[in-house]
Amino acid sequence: MVKEVREKQVPLKMHLIYTRPTESKYRDTITLYAEVMKQAVKHL
């Protein structure tokens, strides 16, 4: 994703839609976001 966006020279934006049970949604969303950013930062 990051590579494609950078090649097109458009603003870097990402929107994640993640649905899980309410009890763990916040924690799981933070974990997911951290993992995505860990992988994306390699391409920045």
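Predicted model: local features only at pLDDT ≥ 70, side-chain atom pairs only at ≥ 80, totals over all residues.
User: Which side chain does Lys38 meet in a salt bridge?
Analyst: That of Glu35, at 2.9 Å from N to O. A salt bridge here is a side-chain nitrogen of Lys or Arg within 4 Å of a carboxyl oxygen of Asp or Glu.

User: And where do Lys38 and Glu35 lie?
Analyst: Both are in helix H2, three residues apart, which is about one turn of the helix. An α-helix has 3.6 residues a turn, so residues three or four places apart point the same way. Glu35 is partly exposed too, at 37% relative accessible area.

User: How many salt bridges in the whole structure?
Analyst: Two. Besides Lys38 with Glu35, the side chains of Arg27 and Asp28 meet at 3.9 Å, N to O. Arg27 is exposed at 53% relative accessibility, whereas Asp28 is buried at 16%.

User: What else does Asp28 touch, leaving out residues up to four places away in sequence?
Analyst: Tyr18 and Arg20, where contact means heavy atoms within 4.5 Å.

User: Switching to helices. How many in the chain?
Analyst: Two, with zero strands. Helices (H or I, at least four residues) and strands (E, at least two) are DSSP runs numbered from the N terminus.

User: What should H2 span?
Analyst: H2 covers residues 22-40, so its 19 residues should span 27 Å, and its end C-alpha atoms are 27 Å apart, which agrees. The expected span is 1.5 Å times one less than the number of residues.

User: Where is the kink in H2 centred?
Analyst: On Asp28, with a kink of about 30°. The bend is the angle between axes fitted to the seven residues ending at a residue and the seven starting there.

User: Which residues of H2 are buried?
Analyst: Ser24, Asp28, Val36 and Ala40. Across the chain, buried residues make up 11% of the 44.

Notes:
Residues numbered from 1 in each chain as written. Heavy atoms only, no water. Buried < 20%, exposed > 50% of the residue type's maximum accessible area, 1.4 Å probe, protein only.
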